[in-house]
Amino acid sequence: MQSHRASKEEREWMDRIAEMGCVVCLKFLGLTTPPEIHHIEGKVKEGSHLLTIPLCHLHHRSGQDTAAFTSRHPFKSRFEERYGTEQELLEWTRKEIDRR
């Protein structure tokens, strides 16, 4: 299935989190790094673009689990053990966006 077309609200949300940078780098290292948009529950359902967090390439899909970092893909369990659940990171992202 294809991604549904993002609504204006969804596009604005994704633009804002893209400006924020990687949630993991920001929360744990105080760094702003260029993010990719990670869809927590896929891209097909209505509203799915609001269930997104910003992750840099290393934290999103580099496919590595090292002492320095863990990638979400394919290491979801290890990623969540290390940084918190995707839902917790989404809530942190929302608070950070609201604070700005």
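## Charges

Let's start with charge: the chain carries 16 positive and 16 negative side chains, and the centres of the two sets are 2 Å apart. Here Lys and Arg count as positive and Asp and Glu as negative, while His and the chain ends are left out of the count. Each charge is placed at NZ of Lys, CZ of Arg, CG of Asp or CD of Glu.

Before going on, keep in mind that this is a predicted model, where local features need pLDDT of at least 70 and side-chain atom pairs count only at pLDDT 80 or more, though totals for chains, interfaces and linings use all residues. Residues are numbered from 1 along each chain as its sequence is written, and side-chain values use heavy atoms, with hydrogens and water left out.

## Overall build

The chain has five helices and two strands, arranged along the sequence as α-α-β-β-α-α-α. These are DSSP runs numbered from the N terminus (helices are H or I, at least four residues; strands are E, at least two).

How big is the C-alpha trace along its principal axes? It spans about 40 × 35 × 20 Å. The radius of gyration is 13 Å, which agrees with the value near 13 Å for a compact globule of 100 residues. That radius is taken over C-alpha atoms, and the globule rule is 2.2 Å times the number of residues to the power 0.38.

## Inside and outside

Of the 100 residues, 40% are buried. Buried means under 20% relative accessible area, exposed means over 50%, and partly exposed is in between (1.4 Å probe, protein chains only).

## Two residues to look up

Find H39 in strand β1 (residues 36-39). Is H39 buried or exposed? Its relative accessibility is 13%, so H39 counts as buried. Leaving aside residues up to four places away in sequence, H39 touches M14, S48, H49, L51 and T52, where a contact means heavy atoms within 4.5 Å. The H39 side chain also makes a polar contact with the side chain of H49, at 2.8 Å. A polar contact is a pair of N or O atoms within 3.5 Å; within protein, one must be able to donate a hydrogen and the other to accept it, and residues adjacent in sequence count only if both atoms are side-chain atoms.

Now try E19, in helix α1 (residues 8-20). E19 counts as exposed because its relative accessibility is 64%.
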